[in-house]
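Thanks for coming, everyone. Please look at the screen, and I will take you through this one step by step.

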Amino acid sequence: MSEGKEVTLAKVAERARTSRATVYRYLSDPSVLALDATLDLEVTPTSELLEGLNNVRSRVHVVARYYLDFSRVHEAHFRQFLAESLKASLEDGTVKMRGARRVAAFSEALAPVHPLMEPKEIDDLAKRLSMTTGLEQLVILEDILRADEATGYQLQEGLVDALLDRYLRKNLGRMQMPTLS
């Protein structure tokens, strides 16, 4: 998968230096293996990303940029995951759910403004921010918009700022927060 090639049980057997029969006995479906392998990428803990940052806007931008860059670095894995996921959903109608790491990361990045907002607003904003990054955003930026990396960052930053402006400005009246901009 890291090479962007289709996962087959024959290739798994070859790479694992075991017989095809053994692989077929324990792993009957290469798509399941591909999905599980894709989810096994090591992600930097959000607390490390945010270390020393108090400014909410900076914190959110760091998370958004991290997940976009993470998707770019592991693009082959994520595209394979997407392909296998779509294939599985067409075959049996199920969709492999992921852990929603981005939503949790954005919620953590928003921690300084939690006192300003209702929990539902924080959750809504974290989910909307999650839509600005990751493989989905990478596909839009590169495949649809044909944006170069610098333009992609600029477009992403604009989306993130628009969301922050919308949610944070209406909550500023509740409590003065110097770390918003």
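Helix α5 and helix α7 cross in a right-handed way. Helices here are DSSP runs of H or I with at least four residues, numbered from the N terminus.

A word on the source. This is a predicted model, where local features need pLDDT of at least 70 and side-chain atom pairs count only at pLDDT 80 or more, while totals for chains, interfaces and linings use all residues. Residues are numbered from 1 along each chain as its sequence is written, and side-chain values use heavy atoms, with hydrogens and water left out.

Back to the pair. Two packed helices are described by the angle between their axes and the distance between the axes. For α5 and α7, the angle is about 160 degrees and the axes are 9 Å apart. That makes α5 roughly antiparallel to α7, a label for angles over 145 degrees. The axes are lines fitted to C-alpha atoms, for helices over the stretch in contact, and angles run from 0 to 180 degrees between N-to-C directions.

Which residues meet? On the α5 side, they are V56, R59, V60, V63, A64 and Y67. On the α7 side, they are R101, R102, A105, F106, E108 and A109. Contact means heavy atoms within 4.5 Å. By class, this contact has 8 nonpolar, no polar and 4 charged residues. Nonpolar covers Ala, Val, Leu, Ile, Met, Phe, Trp, Tyr, Cys and Pro; charged covers Asp, Glu, Lys and Arg; the others, Gly among them, are polar.

Now a second pair, α8 and α10. Their axes come within 10 Å and cross at roughly 170 degrees. So α8 is roughly antiparallel to α10. This crossing is right-handed. E121, D124, L125, R128 and L129 in α8 meet V160, L163, L164, R166 and Y167 in α10. The classes here are 6 nonpolar, no polar and 4 charged.

Next, the core. The largest nonpolar core has 32 residues. Such a core is a set of buried Ala, Val, Leu, Ile, Met, Phe, Trp, Tyr and Cys residues joined through side-chain atoms within 4.5 Å. Which members touch the most others? V60, L110, M117, L125 and L129 do. Two or more residues each come from α5 (56-73), α7 (101-109), α8 (119-130), α9 (135-144) and α10 (149-169). Helix α5 gives the most, with 8 residues. In soluble globular proteins, nonpolar side chains tend to be buried together.

S130 lies in helix α8. Is S130 buried or exposed? It is buried, with a relative accessible area of 9%. Buried means under 20%, exposed over 50%, partly exposed in between, with a 1.4 Å probe and protein chains only. Not counting residues up to four places away in sequence, S130 touches R102, V103 and F106. The C-alpha atoms of S130 and F106 are separated by 7.1 Å, at 24 residues apart along the chain.

R146 is in the loop between α9 and α10. R146 is exposed, at 66% relative accessible area. Its phi is near 55 degrees, a positive value in a residue other than glycine.

V139 sits in helix α9.

Finally, the whole protein. It has 10 helices and 0 strands. Of its 181 residues, 38% count as buried.

Note on methods
Parallel < 35°, antiparallel > 145°, perpendicular 65-115°, else oblique. Left-handed = near helix turned anticlockwise from the far one by under 90°.
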